[in-house]
Amino acid sequence: MSEMIATHGLSKTYGDRAVVENLDLCVPEGCVYGFLGPNGSGKSTTMKMLLSLVRPTSGEIRIMGRPMQRSTRRELLGDIGSLIESPPAYGHLTGRENMRLVQRLLNLNDNQVSRAVRTVRLQDHLEKRVRNYSLGMKQRLGIAMALAREPRLLILDEPTNGLDPAGIDEIRRLLKQLADYGITVMVSSHLLGEIDRTATVLGILSNGRMLFQGTREQLFARSIPDVLIDTPEPERATFLTASWSATQAGDVVRIPGLDHETTARVVSHLVRERVDIYGVRRDAQSLEDVFMDLTGGRGL
């Protein structure tokens, strides 16, 4: 799979403060790339550098295989749609009037605008003034503006920020649909659970540095879930497995950090000691659990 976005050593400093440091991004073509990290981790600054809104201190950016620089900037941006921070609509105008402004500014035809509006399912609300839109409708209008030029790449910074669960679900389904259409979507968020249900490739940023980049499966493979042992003798089993840092939670013995081979040894040890075992399983993990493990508990 070819790379839609690739950076090498991308950095941005303000005075002596490094906001983004030696970032090597790799966004495959045709994916939903979830760009994760706490507020202040450098996500927005990175996206602004990709869009030439902020000049990097050092490093290289390549979009669609071409360097992002002054001589290529105009042409490359013609294939990129974006929604950074708040939707860029005028509240006193209707949705249709806002889309007409975009059409004139970008010299688009009616079909391009209509397709973008239908894609975000906003066609029945175009006569309303944008100030009367819900936050979710404003986000969809902003995405329609970004889609109208029919981009190959869509960059969205926190598109679900402030939305209720219904609005978040709506944006999630839209992003998956756009990827099905062949549009590469890079979306930043601090909502781990939401990105877990949307993205096919993840990048995790903390303090301006990349902690992880890859698929969900690759991320989860880096974290070993706790082993849970169901037994009618939890106190005795916990005592017998104390050297493996076992703890008791009701009728369950929890042991962290065991690989498959060590788990088998622990179970054999308990069986030899005539401890009845009803079941052995791995604890279920969410993306947030893995993130906490990866960041040493710093979280979001």
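Tutor: Happy to! Axes here are lines fitted to C-alpha atoms, for helices over the stretch in contact, and angles run from 0 to 180 degrees between N-to-C directions. Helices (H or I, at least four residues) and strands (E, at least two) are DSSP runs, numbered from the N terminus. This is a predicted model, where local features need pLDDT of at least 70, side-chain atom pairs count only at pLDDT 80 or more, and totals for chains, interfaces and linings use all residues. Residues are numbered from 1 along each chain as its sequence is written, and side-chain values use heavy atoms, with hydrogens and water left out.

Student: At roughly what angle do the axes of α3 and α5 cross?

Tutor: Two packed helices are described by the angle between their axes and the distance between the axes. Helix α3 covers residues 95–106 and helix α5 residues 135–147, and their axes come within 10 Å. Angles under 35 degrees count as roughly parallel, over 145 as roughly antiparallel, 65 to 115 as roughly perpendicular and the rest as oblique. α3 and α5 are therefore roughly parallel to each other, with a crossing angle of roughly 25°.

Student: Which residues of α5 make the contact with α3?

Tutor: Contact means heavy atoms within 4.5 Å. The α3 side supplies G95, N98, M99 and V102, and the α5 side supplies L141, A144 and M145.

Student: How many residues of that contact are nonpolar?

Tutor: Ala, Val, Leu, Ile, Met, Phe, Trp, Tyr, Cys and Pro count as nonpolar, Asp, Glu, Lys and Arg as charged, and the others, Gly among them, as polar. In the contact of α3 with α5 there are no charged residues and 2 polar ones, and the nonpolar residues number 5.

Student: Is N107 buried or exposed?

Tutor: N107 is found in the loop between α3 and α4, and its phi is near 55°, a positive value in a residue other than glycine. Buried means under 20% relative accessible area, exposed over 50%, and partly exposed in between (1.4 Å probe, protein chains only). With a relative accessible area of 70%, N107 is exposed.

Student: Which residue of β5 is the bridge partner of H8?

Tutor: Two strands pair if DSSP finds at least two bridges between them. Strand β1 (residues 3–14) runs antiparallel to strand β5 (residues 58–63), joined by 5 bridges. In β5, H8 is partnered by E60.
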